[in-house]
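Reader: I am new to protein models. Please show me how to read one, feature by feature.

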Amino acid sequence: MRGMFPMAMALAAVSAFAQDVVQLAPDHVKVVFENDRVRVLHFNAPGRSKLPMHSHPAYVTVGFTTDHSKYTFPDGKTRDERTKANGVTYSKDMTHAFENLSDTATESVMVELKKPGGATAAKTTPDPVKVDPKHYKVVINNDQVRVLRAKYGPHEKSVMHEHPASVAVFMKDGHVKFNLPDGTSQEVLSKAHDATWADAGKHLPENLGDKPLEVIVNHDIRRL
């Protein structure tokens, strides 16, 4: 009987580890959109709240709040983590439990990557970081994703550049005009904390608003 108890506990633990956080905490985690490459989640948990053990594939987190969090891993180890508002982090696939150690709510967008990297990175020409370094900075660059932070002042515009397929997370409300290579244009009204998907393509963005615009652009650099 002694030998069966640890085995039963291990089987129960494995089952728990495989849980999807959306099914586990539907009040706090919502699917914004999903396709064959990514699943984008909106995470909002009250102060001092907890989430049981669950699993993620590799993912990028775009945080909107200043947080103090505790993560507990399957081996019993724990990690305290402090992050600032507007921070961006990358995590490999993992299983953990979560606890919000702050008295205030935590809010973020999580971009889960569905397929493994390691393939040839998609090339973009012209690269926004090279042709417009005033507005585009690299935040994360690895064999899974390349994450850029784009900042535009009121009524500022870029130059024509290209992005691979990407997820854009808007940090502030915005009114953007995208001028396209064929001479047409598209205008987009976005709300802070919105997340959108865009296929690969070229454009020339222009901030039509009277306030600064900030966007986190998560490039899927893998050629799938």
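Author: Start with the elements. Helices (H or I, at least four residues) and strands (E, at least two) are DSSP runs, numbered from the N terminus. Serine 91, for instance, sits in strand β7, which spans residues 88–91. Residues are numbered from 1 along each chain as its sequence is written, and side-chain values use heavy atoms, with hydrogens and water left out. The model is predicted: local features need pLDDT of at least 70, side-chain atom pairs count only at pLDDT 80 or more, and totals for chains, interfaces and linings use all residues.

Reader: How many helices and strands does the chain have?

Author: Three helices and 18 strands.

Reader: Is serine 91 buried or exposed?

Author: Buried means under 20% relative accessible area, exposed over 50%, partly exposed in between (1.4 Å probe, protein chains only). Serine 91 counts as buried because its relative accessibility is 13%. Across the chain of 224 residues, buried residues make up 44%.

Reader: Which residues does serine 91 touch?

Author: Contact means heavy atoms within 4.5 Å. Leaving out residues up to four places away in sequence, serine 91 touches Ala58 and Tyr59. Now look at the chain as a whole. Of the contacts between residues at least 6 apart in sequence, 73% join residues at least 24 apart.

Reader: What is a nonpolar core, and which residues touch the most other members of the largest one?

Author: A nonpolar core is a set of buried Ala, Val, Leu, Ile, Met, Phe, Trp, Tyr and Cys residues joined through side-chain atoms within 4.5 Å. The largest here has 19 residues, and Val40, Val111, Val167 and Val169 touch the most other members. Two or more residues each come from β2 (38–45), β4 (59–63), β9 (106–113), β11 (145–152) and β13 (166–170). β9 gives the most, with three residues. Another core lies apart from this one; its 14 residues include Val22, Val29, Leu41 and Phe43.

Reader: How do I find empty space?

Author: Rolling a probe the size of a water molecule over the atoms shows where empty space is left. On a 1 Å grid over the protein atoms alone, a cavity is a set of points where a 1.4 Å probe fits but cannot get out, and a pocket is an open set with protein on both sides within 12 Å along at least five of seven lines; lining residues have an atom within 4 Å of a point. Grid points are joined across faces, edges and corners, and a volume is the space filled by probe spheres set on the points. The largest pocket holds about 540 Å³. It is lined by 26 residues, and Ala168, Phe178, Thr196, Ala198 and His203 are the closest to its centre.

Reader: What lies nearest the centre of the second largest pocket?

Author: Tyr59, Thr61, Tyr71, Glu81 and Thr89, out of 28 lining residues. The space in this pocket is about 460 Å³.
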